[in-house]
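Welcome, and please open the model in your viewer.

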Number of protein chains: 2
Amino acid sequence: MFKTRVTEFLGINYPIIQGGMMWVSRAELVAAVSNAGGLGILSAFTFSNTKDLAAEIEKTRGLTDKPFGVNITLMPTFRPVDIDGYIDTVIDSGVRIVETAGRSPEPYMERLKSAGVKVIHKCTAVRFARTAQRIGCDAVSIDGFECAGHPGEEDVTSLVLIPLTVDAVEIPVIASGGFGDGRGLVAALALGAEAVNMGTRFMATKEAPAHLRVKELLISSSERDTVLLLRSFRNTMRMLRNATAGKVLELERQGSDIHQLEKLISGKAGLGLLESGDVDNGLISVGQVVGLIHDIPTVKELIESIIKEAEEVASNLAGAGVFKPRRLTDVTE
Amino acid sequence: MFKTRVTEFLGINYPIIQGGMMWVSRAELVAAVSNAGGLGILSAFTFSNTKDLAAEIEKTRGLTDKPFGVNITLMPTFRPVDIDGYIDTVIDSGVRIVETAGRSPEPYMERLKSAGVKVIHKCTAVRFARTAQRIGCDAVSIDGFECAGHPGEEDVTSLVLIPLTVDAVEIPVIASGGFGDGRGLVAALALGAEAVNMGTRFMATKEAPAHLRVKELLISSSERDTVLLLRSFRNTMRMLRNATAGKVLELERQGSDIHQLEKLISGKAGLGLLESGDVDNGLISVGQVVGLIHDIPTVKELIESIIKEAEEVASNLAGAGVFKPRRLTDVTE
């Protein structure tokens with residue numbers, strides 16, 4: 001059940017992808033996801049130079065013999081980045097799956113494709129998905145308004161964006177933003193997606209390289225605990241509501257300029273909070289699905305429970321008799 | 001297939017409800033939905049007095065012998081309304097299904113329940129759904145951020161809000177906001193809902209009492225063509241992007257006070273635009289699902305195509321082999 005074009009071209013068992021997350025998508029988590037039958041994706045710019053990225057790829061390979069990918073975010077960052085160098089490193093390291101985001105990967109497609117790399121482009125609007133198809137991407141990952149990080153400025157939700165994208169392109173669509181359990185996986189497939197991309201949910205796993213206090217904060221947070229920062233600059237970021245996010249919002253309301261704010265955010269980003277567990281001193285990128293997270297399983301336990309739940313939901317849907325909705329209590333029984 | 005607690009307690013064939021829409025939810029549309037196996041719902045305050053409402057209920061009953069309901073929106077409106085009188089009228093007319101919205105129906109529950117009325121309360125947050133259950137509502141209709149009209153101020157999308165509500169209450173949950181086709185129906189059920197509530201999609205049907213130009217505008221509108229008005233007053237309304245909506249937004253940005261804006265909106269609301277087809281001179285409440293609407297079928301054609309599509313999607317999901325996503329081209333074949 002749940003074999004799709006995405007599981008086939010990626011060579012994975014289950015249509016579950018762990019999206020690239022700055023600082024979090026490192027070898028331990030990525031290998032755990034791939035070992036459990038999903039696709040783990042390293043985050044290239046978590047590593048400040050290509051040598052460290054190459055070492056992390058090597059480390060991941062030591063932990064799994066399953067396919068994994070690397071995320072390369074083509075967005076203006078707070079530091080200048082040699083994108084070409086990172087792409088060369090990925091190719092030279094033998095990685096054959098790349099997730100791009102932030103901008104069209106067109107300038108890099110020839111190099112990636114001639115090296116036999118499968119390219120999944122993540123974007124936030126139907127027209128960008130069309131572009132991804134036109135320039136030769138193998139799949140498109142579409143990010144709804146509820147997603148963590150950068151939802152774009154159009155605020156179209158996954159429920160509407162997924163079927164619209166499925167109707168607009170022929171390449172497989174991966175549903176991103178708002179997914180965390182088996183019910184969501186079946187919903188994504190019903191809407192026409194051929195896999196889900198999850199970030200926030202994987203942050204609350206045993207293998208995610210983050211302090212336990214961060215994971216516990218995710219569990220205690222509700223769906224109302226995310227905020228949109230830098231909206232007034234049309235560079236929106238969805239973050240967990242905490243002291244730092246509140247400070248940024250307040251400065252934004254007071255009319256601080258973008259450079260001031262970016263300096264503040266940049267100073268607060270990075271590994272610090274994830275390692276220290278000082279959860280008010282920094283920003284944590286999470287999606288609204290944080291409200292649906294109630295435990296810290298191993299990655300294997302998480303993926304297996306999602307698939308089991310999804311199979312039960314799908315069988316129930318296709319069966320005769322009165323449909324029995326699946327509830328949280330069913331899961332924890 | 002798709003029998004649920006909602007279809008059972010309402011006595012309908014399919015888990016599809018046509019939500020109460022001001023001006024649009026009148027006898028022709030409501031009866032068509034109920035005749036086609038869904039639940040049609042009249043909008044009480046579309047009628048300026050209880051006598052006209054009673055007449056419309058009588059008219060609806062002349063057009064269908066199937067169950068239908070009446071929506072009573074308990075919200076501050078632009079004119080003072082005798083809510084008790086309308087409730088008496090509904091009860092005295094023999095209607096046994098009421099959809100409430102806007103505020104808790106608690107003050108009216110005893111009267112409604114002792115008359116044997118089934119109450120569906122529509123709301124925008126999990127805590128309101130809990131209240132609905134506590135005060136004895138029979139089901140709760142949960143409205144995600146993508147919905148038409150009043151999405152609330154918390155911006156949680158249907159994809160996250162539906163399973164959260166399903167986990168929070170024991171009464172059946174109806175998914176509202178973002179639904180318009182069979183893919184969406186299966187997604188709603190997968191998330192744990194036991195019916196979908198659709199408004200925007202039913203506006204673009206042959207039976208909806210609106211000028212053809214309004215329906216054609218819905219077809220040509222994309223998912224990006226809705227705007228949020230009165231956000232700065234925490235009384236957000238999602239409307240179709242047109243000249244009037246643009247004017248309201250502009251005045252709001254310039255700092256107009258709420259009374260000025262409400263006067264403008266009130267003057268532009270009403271039956272005018274729907275009857276005249278002068279689509280820039282008034283406001284039209286629509287949800288993001290407008291981007292998924294491409295035709296103007298009869299209500300019967302719409303409901304049958306949704307069910308057929310949903311059955312195919314559900315069978316496909318539960319089947320073996322590679323999952324084939326359903327695309328628009330499959331529908332129009």
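Start in chain B and select helices α2 and α3: α2(B) and α3(B) make a right-handed crossing. A crossing counts as right-handed if the near helix is turned clockwise from the far one by less than a right angle, and as left-handed if anticlockwise. Helix α2 covers residues 27-35 of chain B and helix α3 covers residues 50-63, and they pack at an angle of about 40° with their axes 9 Å apart. That angle makes α2(B) oblique to α3(B). Angles under 35 degrees count as roughly parallel, over 145 as roughly antiparallel, 65 to 115 as roughly perpendicular and the rest as oblique.

Now show the side chains here. Ala27(B), Val30(B) and Ala31(B) of α2(B) meet Glu56(B), Lys59(B), Thr60(B) and Leu63(B) of α3(B). Contact is taken to exist if the C-beta atoms of two residues, placed from the backbone, lie within 7 Å. By class, this contact of α2(B) with α3(B) has four nonpolar, one polar and two charged residues. Nonpolar covers Ala, Val, Leu, Ile, Met, Phe, Trp, Tyr, Cys and Pro; charged covers Asp, Glu, Lys and Arg; the others, Gly among them, are polar.

A word on what you are viewing: this is a predicted model, in which local features need pLDDT of at least 70 and side-chain atom pairs count only at pLDDT 80 or more, while totals for chains, interfaces and linings use all residues. Residues are numbered from 1 along each chain as its sequence is written, and chains are lettered from A and ligands numbered from 1 in the order in which they are written. Helices (H or I, at least four residues) and strands (E, at least two) are DSSP runs, numbered from the N terminus. Axes are lines fitted to C-alpha atoms, for helices over the stretch in contact, and angles run from 0 to 180 degrees between N-to-C directions.

Next, go to chain A and select α3 (residues 50-63) with α4 (residues 83-92), which pack at an angle of about 25° with their axes 10 Å apart. These two helices, α3(A) and α4(A), are therefore roughly parallel to each other. The crossing of α3(A) and α4(A) is right-handed. Thr50(A), Leu53(A) and Ala54(A) of α3(A) touch Gly85(A), Tyr86(A) and Thr89(A) of α4(A). That contact of α3(A) with α4(A) holds three nonpolar, three polar and no charged residues.

Stay in chain A and colour by domain: domain 1 is 5-209 + 297-317 and domain 2 is 212-276, with bounds from an automatic or database domain assignment. Their C-alpha centres lie 23 Å apart, and each domain gives twelve residues to the contact.

Then show both chains. How many residues does each chain give to the contact? Chain B gives 47 and chain A gives 46. On the chain B side, α7 (158-168) supplies at least two residues, as do α1 (5-10), α8 and α14 (299-318), and the largest share, seven residues, comes from α7(B).

Finally, select α8 (residues 182-190) in both chains: the two helices pack at an angle of about 175°, with their axes 8 Å apart. That makes α8(A) roughly antiparallel to α8(B). Arg183, Val186, Ala187 and Ala190 of each chain make the contact.
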